[in-house]
Amino acid sequence: MKVYNLPVKCAAILFDIDSTLYTNPEYARSQIDLPIKRLARLRGISFDRMNDEINQYRDNWAKTHNGQAISYGNIFKAFGVSIAESVKWREELCQPEQYLSKDTRLRSALEQLNKAFVLGVVTNNPVSIAERTLCALGVEDLFHTRTLVRRTVVRIIGLDTCGVSKPHKEPFMRAAVLCGAVPEACVSVGDRYDIDIALPLELGMGGILVDGVEDVYKLPELFVKEGII
Ligand SMILES: [Mg+2]
């Protein structure tokens with residue numbers, strides 16, 4: 001885990017989901033491989049060739065952008081798959097329930113954080129997949145607020161909320177608003193520095209780079225140690 005600029009007055013924590021709130025390499029891989037398989041089929045080429053082309057595009061992009069990583073949403077866009085189409089593909093292909101189950105350690109950590117902070121999600125998956133993933137993990141209610149008029153507000157910003165993929169300013173700013181916090185009082189938690197952390201830091205947020213869900217279990221302890229809770 002690597003911690004960047006934690007705000008003393010923290011109001012909200014914005015979580016990435018995939019490979020952050022769960023660690024499941026097989027599911028993470030399927031989310032990359034299945035859309036590549038579909039794109040390969042559409043282009044009439046083999047999976048391996050499509051995969052090579054995508055890897056090459058990603059490597060070239062990194063070379064011309066100071067070694068930074070690019071999101072798959074943006075890679076697919078470069079291959080002619082619009083963000084709207086990516087949303088549809090992901091909704092059809094992602095099956096979180098097949099791979100994930102209730103995580104009581106995660107729930108306990110998030111419950112502790114939820115007492116002190118508003119919890120939100122910023123993900124490059126569609127909102128519906130994010131909801132299903134949180135449900136599979138047994139933590140979805142911690143990202144919901146019931147309003148006085150009995151409406152449920154879901155604090156999830158997904159690929160289909162703004163139509164842009166992280167790292168982009170808009171999803172993070174929208175998430176901060178949804179959580180009722182200024183950017184300087186938010187902390188972004190995720191597993192990829194270039195996608196989840198670098199831009200939030202530019203916006204004045206704090207950042208916590210995790211190696212997986214094991215690090216999320218330790219967050220309440222970290223916030224206590226830092227004197228923030
Ligand atoms: Mg992730």
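Student: How far does helix α1 reach from its first C-alpha to its last?

Tutor: This is a predicted model, in which local features need pLDDT of at least 70, side-chain atom pairs count only at pLDDT 80 or more, and totals for chains, interfaces and linings use all residues. Residues are numbered from 1 along each chain as its sequence is written. Helix α1 has 19 residues; helices (H or I, at least four residues) and strands (E, at least two) are DSSP runs, numbered from the N terminus. The expected span, 1.5 Å times one less than the number of residues, is 27 Å, and α1 comes close to that with a reach of 27 Å.

Student: Which residues of α1 are buried?

Tutor: A residue is buried if 20 or more other C-beta atoms, placed from the backbone, lie within 10 Å of its own, exposed if 12 or fewer, and partly exposed in between. The buried residues of α1 pack against α2, α3 (72–78) and α4 (83–93). They are Gln31, Pro35, Ile36 and Leu39.

Student: How are α1 and α2 oriented to each other, and why?

Tutor: The axes of α1 (residues 25–43) and α2 (residues 47–64) come within 9 Å and cross at roughly 110 degrees. Such axes are lines fitted to C-alpha atoms over the stretch in contact, with angles from 0 to 180 degrees between N-to-C directions. Angles under 35 degrees count as roughly parallel, over 145 as roughly antiparallel, 65 to 115 as roughly perpendicular and the rest as oblique. The two helices are therefore roughly perpendicular.

Student: How do the residues of the contact of α1 with α2 divide by class?

Tutor: Residues are in contact if their C-beta atoms, placed from the backbone, lie within 7 Å. On α1 the contact is made by Ile36, Lys37, Leu39, Ala40 and Arg43, and on α2 by Phe47, Met50, Asn51 and Ile54. Ala, Val, Leu, Ile, Met, Phe, Trp, Tyr, Cys and Pro count as nonpolar, Asp, Glu, Lys and Arg as charged, and the others, Gly among them, as polar. The division is six nonpolar, one polar and two charged.

Student: Which helix supplies the largest share of the side of domain 1 that touches domain 2?

Tutor: An automatic or database domain assignment divides the chain into domain 1 (2–24 + 100–225) and domain 2 (26–98). The contact takes 21 residues from domain 1 and 17 residues from domain 2. On the side of domain 1, α7 (127–137), α8 (159–162) and α10 (193–202) each supply at least two residues. The largest share, five residues, comes from α7.

Student: Is Ala136 buried or exposed?

Tutor: Ala136 is placed in helix α7. Leaving out residues up to four places away in sequence, Ala136 touches Pro96, Glu97, Leu100 and Ser101. With 20 C-beta neighbours inside 10 Å, Ala136 counts as buried.

Student: How far apart in space are Ser188 and Ile13, C-alpha to C-alpha?

Tutor: Ser188 is in strand β7 (residues 186–190) and counts as buried, with 29 C-beta neighbours inside 10 Å. Beyond four places in sequence, its contacts include Leu14, Phe172 and Asp196. Ser188 and Ile13 are 175 residues apart in sequence, yet their C-alpha distance is 6.0 Å.

Student: Is Lys102 buried or exposed?

Tutor: Lys102 lies in the loop between α5 (96–99) and α6 (104–116). Leaving aside neighbours within four places in sequence, Lys102 is in contact with Leu137 and Gly138. There are 11 other C-beta atoms within 10 Å, so Lys102 is exposed.

Terms used: Two residues are in contact if their C-beta atoms, placed from the backbone, lie within 7 Å.
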